[in-house]
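Keep the structure open beside you as you read.

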Amino acid sequence: MRRSRPLMSIWSMFLAVPAVLQALQPPSGFVPVDQLPQTESLPAAPLIIAAYAFVWVALILYLLSIWRRLGRVESDMEALERRLGERTGSR
Amino acid sequence: MAAGSMRTGAAVRRAGGLRRAFVPLAIVSGAMLAYSPIVVAHAAYEPTMGLVSKIFYYHVPSWFAMFTAVFTCGIASALYLIRGTPRADRVAVSAGELAALFGLLGLVTGPLWARKAWGVWWQWDARLTMAFLLELIFLAYLLVRRYGGPGSDKLAAAMAVFGMANVPFVYVSVNIWRTIHPTTQVVPTLGPGMRGAFWYCVAAFMLLYSLLFAARVRLEEERARLDALHLAGQD
């Protein structure tokens, strides 16, 4: 039993050789990123334009929404003040 | 009584000064933001990512503004919970809305950058997930404020305090759980070709944030005046 141990170790190492060789080989279909054809590389410009445009549009829309809400509150206030003034005038 | 009227007078003078400064500052802010793409175009490229790294100049300042808004909202909410001052509540709701807005800008610009730099739109890593949750907390804050009914202002204030407590975790998450997102060391170690453009964009975003915040607080104060006028009319 003790004599068979080294034999088993050598046998298991022998079995592992194909797996090690396969791991050393680059996987089939692998292409380094700097050798990719131009068509497979995603262009950066549309992404940058989309990011900047989104920020600008969102900020402008938010500014317009504050403006609109402020205008509505101010017109409500003027109407209410007029109504209150008329009521106190009629008393 | 005299102290109260003096305080009110000072507040009115301060509000008048702010209102006068608003238009020139809005022009400066608009001009800074309009000029920012030119500043960014002249800035140096990040060597590994190339052109797409230019999104960085809008993405990171959006988060700076978001975190400022979250802290403003959280501190004002804590004050509202402790003292019950209506002005603190008005400041909190104004900052809460801006936190949701700037968070949205960060969450949209990030994936546009990631698509090219990482090859995916989104990654459920610690930083991105926590930032997304922070945005959800502030969207929930706004929904509770709008549809929660009576007493929802206190509930929302507590949510904002928890939202604020989340910010340090969001910030350090990239250093604790190392994933694909860059660490917090990027900004302090920016090269001289990128530093100027970056801080220019931060200044533009922070000025814009301050102006939007001032306008939003004014809206809340006008609404409070309108409510007071309605109550006076009913008496």
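Predicted model: local features only at pLDDT ≥ 70, side-chain atom pairs only at ≥ 80, totals over all residues.

Helices here are DSSP runs of H or I of at least four residues, numbered from the N terminus.

Let's look at the two chains before going into detail. Chain B has six helices and zero strands, and from the N terminus on its elements read α-α-α-α-α-α. Its C-alpha trace spans about 70 × 35 × 25 Å along the principal axes. Of the 235 residues in chain B, 34% count as buried. If you take the contacts in chain B between residues at least 6 apart in sequence, 76% of them join residues at least 24 apart. Chain A, for its part, has two helices and zero strands, and buried residues make up 5% of its 91 residues.

Where the chains meet, 23 residues from chain A and 28 residues from chain B take part in the contact. The side of chain A that touches chain B has 19 nonpolar and four charged residues, with no polar ones.

Now follow helix α2 of chain B, residues 56-83. Its 28 residues should span 40 Å at 1.5 Å a residue, and because its end C-alpha atoms are 40 Å apart, the expectation and the model agree. Just after α2(B), B:G84 takes a positive phi of about 75 degrees. Is B:G84 buried or exposed? With 12 other C-beta atoms within 10 Å, B:G84 is exposed. B:G84 also sits 9.1 Å from B:K154, C-alpha to C-alpha, although the two are 70 residues apart in sequence.

B:K154 leads us to the next helix, as it is one of the residues of α5(B) that α2(B) meets. The axes of α2(B) and α5(B), the latter covering residues 152-176, come within 8 Å and cross at roughly 135 degrees. The cut-off for roughly antiparallel is over 145 degrees, so α2(B) and α5(B) are oblique to each other. The crossing is left-handed. On the α2(B) side the contact includes B:F67, B:V70, B:F71 and B:G74, while the α5(B) side includes B:A157, B:V161, B:G163 and B:M164. By class, the residues of this contact divide into 13 nonpolar, three polar and one charged.

What about α2(B) and α6(B)? Their axes come within 9 Å and cross at roughly 40 degrees, which makes this pair oblique as well. This crossing is right-handed. Among the residues that make the contact are B:Y57, B:P61, B:F64 and B:T68 of α2(B), and B:F198, B:C201, B:F205 and B:Y209 of α6(B). The contact of α2(B) with α6(B) has 13 nonpolar residues, two polar and no charged.

Our last stop is B:R216, found in helix α6 of chain B, residues 192-234. Why does B:R216 count as buried? The reason is that B:R216 has 24 C-beta neighbours inside 10 Å, where 20 or more are needed. Leaving aside neighbours within four places in sequence, B:R216 is in contact with B:S94, B:E97 and B:L98, and also with A:I66 of chain A. B:S173, by contrast, is 43 residues from B:R216 in sequence and 31 Å away in space, C-alpha to C-alpha.

Key. Residues numbered from 1 in each chain as written. Chains lettered and ligands numbered in written order. Expected span 1.5 Å × (residues − 1). Contact = placed C-beta atoms within 7 Å. Nonpolar A, V, L, I, M, F, W, Y, C, P; charged D, E, K, R; others polar. Axes fitted to C-alpha atoms, helices over the stretch in contact; angles between N-to-C directions. Parallel < 35°, antiparallel > 145°, perpendicular 65-115°, else oblique. Left-handed = near helix turned anticlockwise from the far one by under 90°.
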